[in-house]
Amino acid sequence: MKICQVEKTLVATSRIGQLGTRRLLVVRERGSSSKQVAVDPVGCKEGDWVIIVGSSAARTAAGSNDYPSDFTIVGIIDYWDDDSESGRK
Amino acid sequence: MKICQVEKTLVATSRIGQLGTRRLLVVRERGSSSKQVAVDPVGCKEGDWVIIVGSSAARTAAGSNDYPSDFTIVGIIDYWDDDSESGRK
Amino acid sequence: MKICQVEKTLVATSRIGQLGTRRLLVVRERGSSSKQVAVDPVGCKEGDWVIIVGSSAARTAAGSNDYPSDFTIVGIIDYWDDDSESGRK
Amino acid sequence: MKICQVEKTLVATSRIGQLGTRRLLVVRERGSSSKQVAVDPVGCKEGDWVIIVGSSAARTAAGSNDYPSDFTIVGIIDYWDDDSESGRK
Amino acid sequence: MKICQVEKTLVATSRIGQLGTRRLLVVRERGSSSKQVAVDPVGCKEGDWVIIVGSSAARTAAGSNDYPSDFTIVGIIDYWDDDSESGRK
């Protein structure tokens with residue numbers, strides 16, 4: 001699972017039906033400027049450091065094997081002292 | 001899920017039967033010069049910023065577990081102010 | 001799906017039974033010097049630009065869910081003007 | 001499978017129910033500063049070099065196809081003399 | 001599928017039961033210093049250039065859908081003249 005920080009909510013009105021109205025978040029992977037979109041079944045807020053599961057497990061974690069997610073938040077890290085933070089751009 | 005921008009339609013006349021006549025798009029991943037091909041069940045136009053699902057979820061998102069996609073568009077982002085845009089090549 | 005160019009046929013006499021006698025091709029990913037091996041159910045020739053599916057969809061695309069492929073050609077691109085070509089090594 | 005070194009236990013009190021109370025470890029991939037989170041069904045201690053399976057096999061390795069893991073420790077390496085160690089940061 | 005060279009056998013006495021006593025090999029990906037661990041159902045020796053399948057197909061290739069592998073050798077390449085070899089480190 002990846003360690004990411006939540007940046008903001010993403011609005012996508014035109015979407016396939018299977019996505020439903022689930023909340024989508026823009027997240028940034030630790031030590032990188034790479035941004036991805038994650039499904040949030042936990043209830044995160046901006047700035048939270050989270051654990052995100054990918055691969056086929058992201059479907060189960062989103063609540064159903066038919067849910068079209070490849071990146072789902074599975075937990076909020078209690079405390080993360082990110083030693084790479086000063087060096088990121 | 002990845003954040004990508006739609007570049008153009010891709011024409012591939014010789015293809016396996018399972019691909020059907022689905023529309024294929026060339027997309028560029030945010031902050032990268034990497035291009036990939038995505039299936040479009042949403043109906044995008046050139047320049048749209050989109051959310052794309054990979055892994056096994058791309059099959060479900062394309063409409064069937066037997067559809068041979070590993071990269072399927074699931075939504076169009078309403079507004080994307082890409083801060084990495086000026087730096088890309 | 002990835003955009004790759006076909007380089008040559010790969011000969012591997014010692015192989016697991018599930019691979020069968022399917023033709024294996026060495027392909028190079030667009031804009032990269034990275035080479036991989038793809039299963040070819042379409043019938044490509046050297047120099048062709050092709051669309052290749054990965055993940056679990058590569059098994060279905062190869063003709064059976066039991067076929068051990070993670071990279072299967074699904075179509076030949078009619079025309080590809082590769083703007084990254086001059087810069088590759 | 002990846003070769004990683006165990007760094008520490010990760011505490012995430014807010015988590016989805018499917019994760020259960022399984023122990024989560026922060027691991028660093030060999031020759032890289034990249035850190036990920038792995039499920040540990042083996043019982044590792046800090047500093048151990050381990051083999052970690054990803055993809056859909058990580059679910060089975062964690063004990064159930066419904067377990068939402070994409071990175072599960074499957075073994076502890078008896079002895080690892082990491083020749084890349086001096087060069088890492 | 002990836003093109004890799006076999007380096008050596010890996011010994012991991014503490015392992016999950018599903019791994020069984022299958023032989024595990026350290027392999028290096030072509031043109032890279034990255035090392036991974038692969039399951040070997042073919043019978044390779046040190047120095048062999050091999051084809052390795054990842055993703056969910058690695059389970060089938062290892063002999064069973066329940067086998068926890070994400071990287072399984074499926075064939076030995078008869079002859080590989082690696083043009084990137086001189087430049088690797």
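**Close-up 1. A:S14 stands opposite B:I76 in β6(B).** The model is predicted. The two residues belong to a strand pairing across the chain boundary: β2(A) and strand β6 (residues 71-76) of chain B run antiparallel and are joined by 2 bridges.

**Close-up 2. The contact between chain A and chain B involves 25 residues of chain A and 22 residues of chain B.** Three residues, A:I16, A:K35 and A:D70, account for 27% of the area that chain A buries against chain B, more than any other three residues. The area buried between the two chains is about 1,900 Å², and carbon and sulfur atoms contribute 57% of this area. Between chain A and chain B there are 9 residue pairs in polar contact, counting pairs with both residues at pLDDT 80 or more. The count of salt bridges between chain A and chain B is 0.

**Close-up 3. Strands β2 (14-15), β3 (24-29) and β4 (35-39) of chain A each supply at least two residues of the side that touches chain B.** The strand that gives the most to this side of chain A is β4(A), with 4 residues. By class, the side of chain A that touches chain B comprises 11 nonpolar, 8 polar and 6 charged residues.

**Close-up 4. On the chain D side, the bridge partner of D:I76 in β2(E) is E:S14.** Here β6(D) pairs with strand β2 (residues 14-15) of chain E in the antiparallel sense, over 2 bridges.

**Close-up 5. The contact between chain D and chain E takes 22 residues from chain D and 26 residues from chain E.** Carbon and sulfur atoms give 56% of the area buried between these chains, which is about 1,900 Å². The count of salt bridges between chain D and chain E is 0, and 9 residue pairs are in polar contact, both residues being at pLDDT 80 or more. Four elements of chain D, namely β1 (2-9), β5 (49-54), α1 (57-61) and β6 (71-76), each supply at least two residues of the side that touches chain E. Of the elements of chain D, β6(D) gives the most to this side, with 4 residues. The side of chain D that touches chain E has 13 nonpolar, 5 polar and 4 charged residues.

**Close-up 6. B:W49 and B:W80 form a tilted aromatic pair.** A search of the whole structure finds 5 aromatic pairs over all chains. In the pair of B:W49 and B:W80, the separation is 6.2 Å centre to centre, with 40° between the planes. The pair links distant parts of the chain, 31 residues apart: B:W49 lies in strand β5 (residues 49-54) of chain B, and B:W80 lies in the segment after β6 of chain B.

Conventions: Residues numbered from 1 in each chain as written. Chains lettered and ligands numbered in written order. Predicted model: local features only at pLDDT ≥ 70, side-chain atom pairs only at ≥ 80, totals over all residues. Heavy atoms only, no water. Contact = heavy atoms within 4.5 Å. Buried area = accessible area lost by both parts, 1.4 Å probe. Salt bridge = Lys/Arg side-chain N within 4 Å of Asp/Glu carboxyl O. Polar contact = N/O pair within 3.5 Å; in protein donor to acceptor, adjacent residues only side chain to side chain. Nonpolar A, V, L, I, M, F, W, Y, C, P; charged D, E, K, R; others polar. Pairing = 2+ DSSP bridges. Phe/Tyr/Trp six-rings, centres within 6.5 Å; stacked < 30°, edge-to-face > 60°.
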